[in-house]
Amino acid sequence: MSACDSVYFDQFAERFCRSFQKKFNLPIHLHLINPTETQIALCKNWSVSWTCNYLDPFQMQKRSNTLVKTQKLTDGVAQRSVLWGFCQAVRFWLLGQYQNAQQDIVMCDIDCVAVQTPSIDQVNQLFSCTQFSVHKGRAMATFCAFSSEQLAQTQQLSHWIEQYDLDTGIRNGVDQLALKKCIPNPNSLPTGWISHDDTPTDKSVLRKINQNIIFHSKGTRGKSIDLSAYL
């Protein structure tokens, strides 16, 4: 499962779906934010389930105005923070609302790419408990697994995000804050699933691909790396 707005959909959704369908052979669900009719049609063509919502400009501006006032941000920066925060948080909110006792769910960023095929044992271990990649001591929202046996934890995460939005207003980084507050002692994914090391060179990119099932890299360069050979 992943979520994205229309801009990230155009940049990453096809790559995401193709790689995970090829390497994982599991159902994929995308939550779309402000999608176009063309983007919805593409999900159908890719045999991907989808849900969507269209953001209320008034509610978004209300939250932006709060950030301008409290954080001394420009209106443009505040608007981006609110949009990014919503895109980050909505997938975890949905997870807590709709995951059931028959579902184990992988949650990941839309710019992740599955570059290796996990073994049956690795998949079974992945779904054995709710777990995260941990980087510099904190649970990362980039790629994580939510077990059906720990629904209360997932629901708590969803409720915390909803209450935070009511009390403070959604903003950039809220997903990481929610994980820190609700899952202070996260189970760690085994080495080999995903790395958060930088990839400043072609050699470091290749090393990360060879050593991990999931590839993800931050920054402009990281998001533009050609991974078509793995799709």
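Student: Setting aside neighbours within four places in sequence, with which residues is N100 in contact?

Tutor: N100 is in contact with S148 and L151 once those neighbours are left aside. Contact here requires heavy atoms within 4.5 Å. The model under discussion is a predicted one. N100 itself belongs to the loop between helix 4 and strand 4 (105–108).

Student: Why is N100 called partly exposed?

Tutor: The relative accessibility of N100 is 31%. Buried means under 20% and exposed means over 50%, with partly exposed in between. The value of 31% falls between those limits, so N100 counts as partly exposed.

Student: How far apart are N100 and S147 in sequence and in space?

Tutor: Along the sequence, N100 and S147 are 47 residues apart, while their C-alpha atoms are 9.7 Å apart in space.

Student: What makes F92 a buried residue?

Tutor: F92 has a relative accessible area of 1%. Since buried means under 20%, F92 is classed as buried. This residue is placed in helix 4. Beyond its neighbours within four places in sequence, F92 is in contact with M107, A141, C144, F146, L157, S158, I161 and D175.

Student: Why does Q131 count as buried?

Tutor: Its relative accessibility is 1%, which is under the limit of 20%, and Q131 therefore counts as buried. Q131 is found in strand 6 (residues 131–135). Its contacts, apart from neighbours within four places in sequence, are Q125, L126, C144, A145, N187, S188, L189 and P190. Q131 and V106 are 25 residues apart in sequence, with a C-alpha to C-alpha distance of 9.7 Å.

Student: What makes N25 exposed?

Tutor: N25 has a relative accessible area of 66%; exposed means over 50%, and N25 is therefore exposed. N25 lies in the loop between helix 1 and strand 2 (29–33). Its phi is positive, about 55°, although N25 is not a glycine.

Student: Why is K72 called exposed?

Tutor: At 70%, the relative accessible area of K72 is over the 50% limit, so K72 is exposed. K72 occupies the loop between helix 3 and helix 4. It is a residue other than glycine with a positive phi, near 60°.

Student: How do you know that the span of helix 1 agrees with its number of residues?

Tutor: Helix 1 (residues 6–23) has 18 residues, and at 1.5 Å a residue it should span 26 Å. The end C-alpha atoms of helix 1 are 25 Å apart, which agrees with that expectation.

Student: Where does helix 1 bend, and by how much?

Tutor: The bend is at F12 and amounts to about 55°. F12 is one of the buried residues of helix 1, which also include F9, F16 and F20.

Student: What describes the packing of two helices?

Tutor: Two packed helices are described by the distance between their axes and the angle between those axes. The axes of helix 1 and helix 2 (residues 37–45) come within 11 Å and cross at roughly 40°. S6, F9 and D10 of helix 1 meet Q39, L42 and C43 of helix 2, and the crossing is left-handed.

Student: Why are helix 3 and helix 4 called oblique to each other?

Tutor: The axes of helix 3 (residues 57–71) and helix 4 (residues 75–98) come within 8 Å and cross at roughly 120°. Angles of 65 to 115 degrees count as roughly perpendicular and angles over 145 as roughly antiparallel. The crossing angle falls between those two classes, and helix 3 and helix 4 are therefore oblique to each other.

Student: Which residues of helix 3 and helix 4 make the contact?

Tutor: Helix 3 contributes M60, Q61, R63, S64, N65, L67 and V68, and helix 4 contributes D75, A78, Q79, S81, V82 and L83. Helix 3 passes helix 4 in a right-handed crossing.

Terms used
Residues numbered from 1 in each chain as written. Predicted model: local features only at pLDDT ≥ 70, side-chain atom pairs only at ≥ 80, totals over all residues. Heavy atoms only, no water. Helix = DSSP H or I, 4+ residues; strand = E, 2+ residues; numbered from the N terminus. Expected span 1.5 Å × (residues − 1). Bend = angle between axes of the 7 residues up to and from the residue. Buried < 20%, exposed > 50% of the residue type's maximum accessible area, 1.4 Å probe, protein only. Axes fitted to C-alpha atoms, helices over the stretch in contact; angles between N-to-C directions. Parallel < 35°, antiparallel > 145°, perpendicular 65-115°, else oblique. Left-handed = near helix turned anticlockwise from the far one by under 90°.
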